[in-house]
Amino acid sequence: MDRLGRGAPRALEPTDTLCLDSLRRGDVVAFARQCARGAEPREFCVCAWLADV
């Protein structure tokens, strides 16, 4: 796997962390906003076969 492929899942970690933090705080509005913003890069990584999930 090339460098981009190894780094892509790590690049998605901050979004996951922010979403989980919002859930823990019960902030549904922030959670929905963060999920929407994180969906596009995640979808790109999956379509480019850089990440499984």
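Modeller: Residues are numbered from 1 along each chain as its sequence is written, and side-chain values use heavy atoms, with hydrogens and water left out. Because the model is predicted, local features need pLDDT of at least 70 and side-chain atom pairs count only at pLDDT 80 or more, while totals for chains, interfaces and linings use all residues.

Biologist: Why is the contact of D16 and R42 called a salt bridge?

Modeller: The term asks for a side-chain nitrogen of Lys or Arg within 4 Å of a carboxyl oxygen of Asp or Glu. For D16 and R42 the N to O distance is 2.4 Å, so the pair qualifies. D16 lies in helix α1 (residues 3–25) and R42 in helix α2 (residues 28–47), so the bridge ties together parts that are 26 residues apart in sequence. Helices here are DSSP runs (H or I, at least four residues), numbered from the N terminus.

Biologist: Why is D16 called partly exposed?

Modeller: Buried means under 20% relative accessible area and exposed over 50%, with partly exposed in between (1.4 Å probe, protein chains only). D16 has 33%, so it falls in between. R42, at 23%, is also partly exposed.

Biologist: What makes D21, R25 and D27 a network?

Modeller: R25 forms a salt bridge with D21 at 3.2 Å and another with D27 at 3.6 Å. Both values are within 4 Å, so both pairs count, and the three residues are linked. D21 and R25 lie in helix α1, four residues apart, about one turn of the helix.

Biologist: How many salt bridges does the rule give?

Modeller: The count is three.

Terms used:
Helices (H or I, at least four residues) and strands (E, at least two) are DSSP runs, numbered from the N terminus.
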